Amino acid sequence: MQFFIDTANLDHIREATELGILDGVTTNPSLMAKEGITGDNAVLKHYRDICEIVGPGRDVSAEVISTEFKAMVTEGKKLAELHENIVVKVPMIKDGVKAIAHFSELGIRTNCTLVFSAGQAILAAKAGATYVSPFIGRIDDISWDGMTLIKDIFEIYSTTGYETAILAASIRNPLHIVQAAKAGADVVTCPLSAILGLLQHPLTDIGLEKFLADYKKAGG
Ligand code: G3P
């Protein structure tokens with residue numbers, strides 16, 4: 001399973017890259033706004049900066065703002081031309097599906113976002129999306145079960161042979177990462193805190209403390 005970081009914060013992206021486990025980055029307009037990145041030029045520059053930090057071969061999702069087919073295509077092409085790492089992120093709406101199918105014909109990679117049902121995931125795959133992004137945390141937020149959706153999409157894609165990668169998004173904590181891996185997600189995209197949370201175990205800390213103490217006691 002691949003690890004993407006879900007942020008537009010350059011320090012977090014650098015830290016995850018230096019950890020040596022990062023396969024890509026996802027962003028969205030809310031995450032860009034959170035970092036104070038506003039205006040078309042600043043946004044495009046920020047995408048380029050992210051691509052340079054993560055280096056070659058690591059996908060970086062850049063989301064279109066347009067909601068109408070022609071404008072989405074123009075915007076998506078501009079984003080795709082920015083850097084070879086860019087994957088065009090397109091919302092799961094009617095024009096979005098049409099745009100994904102068009103980008104697929106042009107060989108432009110896409111990430112279909114705001115997916116909350118298995119039916120939407122089927123449409124995204126049928127249109128030729130490179131990634132489909134079911135939003136786990138937001139489903140859990142309304143007391144449904146986000147992970148069941150990952151399992152359903154995995155079953156459907158395995159049965160049908162759809163090649164779209166399941167990118168579990170809206171991941172909020174380390175347990176979500178573990179559950180997504182068990183459910184068959186190809187990728188998880190998560191905040192740095194969730195990735196670093198995977199490190200934590202009290203027995204690791206106690207064990208290490210004892211190893212170092214014993215080493216000192218033995219005269220090391
Ligand atoms: O990038 C989309 C998704 O990961 C958003 O997460 O936490 O805002 O639901 P969240």
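Predicted model: local features only at pLDDT ≥ 70, side-chain atom pairs only at ≥ 80, totals over all residues.

Arg138 puts a polar side-chain atom 2.6 Å from an oxygen atom of the ligand, a polar contact, meaning a pair of N or O atoms within 3.5 Å. A side-chain N or O atom of Asp6 is 2.5 Å from a ligand oxygen, and for Arg172 that distance is 2.9 Å. On its own the ligand exposes 310 Å², and the protein buries 82% of that; areas are Shrake-Rupley with a 1.4 Å probe. Residues around the ligand, with a heavy atom within 4 Å, include Asn28, Lys89, Phe135 and Ser170.

Numbering starts from 1 along each chain as its sequence is written, and side-chain values use heavy atoms, without hydrogens or water.

Now helix H4, residues 69-82; helices here are DSSP runs of H or I, at least four residues, numbered from the N terminus. How far apart should its ends be? At 1.5 Å a residue, its 14 residues should span 20 Å, and the end C-alpha atoms are 20 Å apart, so the two agree. That expected span is 1.5 Å times one less than the number of residues.

Which residues of H4 are buried, that is, under 20% relative accessible area? They are Phe69, Met72, Val73, Glu75, Gly76, Leu79 and Leu82.

Note on methods: Helix = DSSP H or I, 4+ residues; strand = E, 2+ residues; numbered from the N terminus. Buried < 20%, exposed > 50% of the residue type's maximum accessible area, 1.4 Å probe, protein only. Polar contact = N/O pair within 3.5 Å; in protein donor to acceptor, adjacent residues only side chain to side chain.
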